[in-house]
Amino acid sequence: MTQEVWQWTNPSVMVLAEGDDPFASMQFKVKTAILEAAERGWTGPPYDPFQLADLMNIGVTPNDEVFDARTVPVGPDGFRIEFNPNRPHGRMRYSIAHEIAHTLFPDCGESVRNRLRPSWFREDEWQLELLCNVGAAEILMPTRYGSLEDEDVDINNLVRLRQQFDVSMEALLLRIAKLTNTACAVFAAARVESDDQPAGYRIDYSVPSRSWSAEGSLSNFRISESAVLQECTAVGFTAKGTENWGSTLPEFNIECVGIPPFPGSRFPRVVGVLTSDTQRKSPPMQIRHLFGDALVPRGDDPRMIAHIVNDGTANWGGRGFAQAVSRRWLHVQEDFRNWVESDRRHLTLGNVRWAHVEGELSIVHMIAQQGYGRSESARIRYAALDSALKHLADLALGQGASVHMPRIGTGQARGSWELIQELIDERLVRRGVPVTVYTLPESVPVELQGKLNL
């Protein structure tokens, strides 16, 4: 079986990426929109794309003359999504999420985005549609649903879960890749044909699970043939088999299913899961949850305590973890106060301050809460927390330290632990930083303790 690499070429995609990886750029854009919406009250599951559009000031109106949905420019900077209200509920949700992803492209306002206008399509327009599918998947399942970590990645079970959660198969698989304890990679492929080459499959992307260690890249290449993928001749058709897709890759166990094709294509796309008998079976690194006090972190290695402070004052009064820190280590509070007084710009959302505590113990203050005191809305700022966690990871890796924290952002900042935990996992754990989260036993009713991943 032969393989060759394909390149990103679509102008809209290149504008979005600005020289970076388009796949990662779309995920970043969507994640930012999701976090901003969460600050304004977007919650789930289920996560409602109609509400997300409203929070993003995107109008949504029914129009039974469109096939699924389309994005229409309104004024200099606005958009309106028109959708067919006669479609099944799950299809409508997916279509709205897909169109929201379209609005994230800088050049979206230059024309109506309508997937059923053949004259609108360039030969490489599938690249734009691919990224909007990826964006829609992130919108439909932005955080964990139930206990997906231990779900069987058998394709029949995944089809069942897709129906249970009423999301696209692509959304479910991308969420599985982030959560599963199984060593695997999820992928999306499309059948391609041309006059000068035999039919084959283009692997549009692959996303590894945290414990996947197979060598060789699975994204952005074209394979000359695949008997397994070829069995998915219609939407919903599944297939299983074993193949080798290239000399630099191991033999894969493939389980896959057909999903709707790109506009203008006769063949369904194929998404699925790859596993390999050569993969190690050791469990992946995960957040460790313990009952205890984050002010007394376990272990004797270099340890960093991490917590959230607000951008309104350098003094930690009142209540909460920061106030407990100031009572226990007065010099830590004074260091932070002096740092802010030296330049008030230090007290900016997303900034961090590292300070030595004693021995092998240090502390990192993450500025990710806007203001303090009573508020009708949550004070957490997820984008700022995301930025601060990246800085924290750099500090921890540089010092070979583990990170210890309370359930940050869920007290006075009133953040969603599901979203915060996702950011911790993505920014710290997946980069190899051991993280322990502590919950004081007296703060949790006994009947709920078994439900908190402790």
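Modeller: Happy to! Let us take glutamine 127, which is buried, with a relative accessible area of 2% (buried means under 20%, exposed over 50% and partly exposed in between, with a 1.4 Å probe and protein chains only). Please keep in mind that this is a predicted model, where local features need pLDDT of at least 70, side-chain atom pairs count only at pLDDT 80 or more, and totals for chains, interfaces and linings use all residues. Residues are numbered from 1 along each chain as its sequence is written, and side-chain values use heavy atoms, leaving out hydrogens and water.

Glutamine 127 sits in helix α5, residues 125-140 (helices are DSSP runs of H or I, at least four residues, numbered from the N terminus). Setting aside residues up to four places away in sequence, glutamine 127 touches Trp6, Gln7, Trp8, Thr9, Asn10 and Val13, where contact means heavy atoms within 4.5 Å. Serine 12 is 115 residues from glutamine 127 in sequence, yet their C-alpha atoms are 9.1 Å apart in space.

Now for the side chain of glutamine 127: it reaches the backbone nitrogen of threonine 9 at 2.8 Å. A polar atom of that side chain also lies 3.0 Å from the backbone nitrogen of asparagine 10.

Elsewhere on α5, its axis and that of helix α7, residues 169-179, come within 8 Å and cross at roughly 70° (axes are lines fitted to C-alpha atoms, for helices over the stretch in contact, and angles run from 0 to 180 degrees between N-to-C directions). That makes α5 roughly perpendicular to α7, a term for angles of 65 to 115 degrees. On the α5 side, the contact includes Asn133 and Val134, and on the α7 side it includes Glu170 and Ala171.

Note on methods
Helices (H or I, at least four residues) and strands (E, at least two) are DSSP runs, numbered from the N terminus. A polar contact is a pair of N or O atoms within 3.5 Å; within protein, one must be able to donate a hydrogen and the other to accept it, and residues adjacent in sequence count only if both atoms are side-chain atoms. Angles under 35 degrees count as roughly parallel, over 145 as roughly antiparallel, 65 to 115 as roughly perpendicular and the rest as oblique.
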